[in-house]
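Please look over the sequence and the model shown here before reading the notes on its fold, its cores and its side-chain contacts.

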Amino acid sequence: MTCPRDVDDPFPVDDCLFAETFSQESVFKLLGQELKISQVFGANLGVAAQVWEAALHLCRYFEEQRVELTGKRVIELGAGTGVVGILAARLGAAVTLTDLPLALPQLRANVSANTPSSGWPSPPPTILPLSWGEDHMKFISDWDLVLCADIIYLPETYPLLLETLTHLCKNGAVAYLSSKMRREHRTPGFYEEDLPSRFNVDLVHRDDKQNINIYRALLRTDQ
């Protein structure tokens, strides 16, 4: 089943996206890895079902900038399909994938489908529920990287996300955030006002054609 819609709009007006549940499998070749990612479209998952371009941009940025992932302790927020975190795990990172509870079955299925034939080079990815601003204190702060791909689109969640990022990054973790810059959802405002209120923020990549930015953020020492 296909549904005509604007793939850049996380909240399509046409509700045919949610009329029935259907699955689509895509293959992505990133950093020398071939990932088979299932996207389960339906009423439950909503925006968590899709592999967004901002996630693929983040993966390609890691390749272009030769960001070292092997041996790193990585947590991904709002992982959705898990494409970013699964790639990091395939490259040797110790990865924790997080999202709301409804997204976890899709994450588990994609982790299972992408288990290397020789086994994971690091511990298998951990999959856990995480509601920003509510249960982030259950998580340690001992991370190297915090990854976020296209999760900045609901202004009411921005204070909750900021609290979560502050906790996760308080021991020196580097956060990478890749976003479609949707003015209607105040995405630029998050990066220009909210995040800099606690973090030192650098724009490290800009795709004008697709209107996607990647930011690198470090918690300020006065926090």
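The model is predicted, so local features are reported only at pLDDT of at least 70 and side-chain atom pairs only at pLDDT 80 or more, while totals for chains, interfaces and linings use all residues. Residues are numbered from 1 along each chain as its sequence is written, and side-chain values use heavy atoms, with hydrogens and water left out.

**Overall architecture**

- The protein chain holds five helices and nine strands, where helices (H or I, at least four residues) and strands (E, at least two) are DSSP runs numbered from the N terminus.
- Read from the N terminus, the order of these elements is β-β-α-β-α-β-α-β-β-α-β-α-β-β.
- Of the 223 residues in the protein chain, 55% are buried, a term that means under 20% relative accessible area, with exposed meaning over 50% and partly exposed in between (1.4 Å probe, protein chains only).
- Among contacts in the protein chain with a separation of 6 or more, 65% are between residues 24 or more positions apart, contact being defined as heavy atoms within 4.5 Å.

- Eight of the eight residues of helix H2 (83-90) are buried, so H2 is largely enclosed by the rest of the structure; just after H2, Gly92 adopts a positive phi of about 105 degrees.
- In helix H3 (residues 104-113), the buried residues are Leu104, Gln106, Leu107, Asn110 and Val111. Viewed down the axis of H3, these buried residues fall within an arc of 155 degrees, so they line one face of the helix; the arc is that of the directions from the helix axis to the C-beta atoms.
- Helix H4 (residues 158-168) is mostly covered, with eight of its eleven residues buried, and the cover over those buried residues includes strand S3 (73-77), helix H5 (187-194) and strand S9 (212-219).

**Nonpolar cores**

- The largest nonpolar core has 36 residues, and those with the most contacts inside it are Leu30, Phe62, Val83, Val84, Leu97 and Tyr176; such a core is a set of buried Ala, Val, Leu, Ile, Met, Phe, Trp, Tyr and Cys residues joined through side-chain atoms within 4.5 Å.
- Elements that each supply at least two residues of this core include strand S1 (22-30), strand S2 (33-41), helix H1 (53-64) and H2.
- Another core, of 27 residues, lies apart from the largest one and has Leu77, Cys148, Ala217 and Leu219 among its residues.
- Leaving aside neighbours within four places in sequence, Val84 is in contact with Ala55, Leu58, Cys59, Phe62, Glu76, Leu147 and Ala149.

**Thr98 in strand S4**

- Thr98, placed in strand S4 (residues 94-99), counts as buried at 0% relative accessibility.
- Beyond its neighbours within four places in sequence, the contacts of Thr98 include Ile75, Leu77, Leu128 and Phe139.
- A polar atom of the Thr98 side chain lies 2.7 Å from the backbone oxygen of Glu76.

**Aromatic rings**

- The whole structure contains six aromatic pairs, which are Phe, Tyr and Trp rings (for Trp, its six-membered ring) whose centres lie within 6.5 Å, counted as stacked if the planes are under 30 degrees apart, edge-to-face if over 60 and tilted for the rest.
- Phe190 and Tyr191 form an edge-to-face pair, at 5.2 Å centre to centre with 85 degrees between the planes, and both residues are buried.
- One aromatic cluster is formed by Tyr158, Phe190, Tyr191 and Tyr215.

Terms used
Polar contact = N/O pair within 3.5 Å; in protein donor to acceptor, adjacent residues only side chain to side chain.
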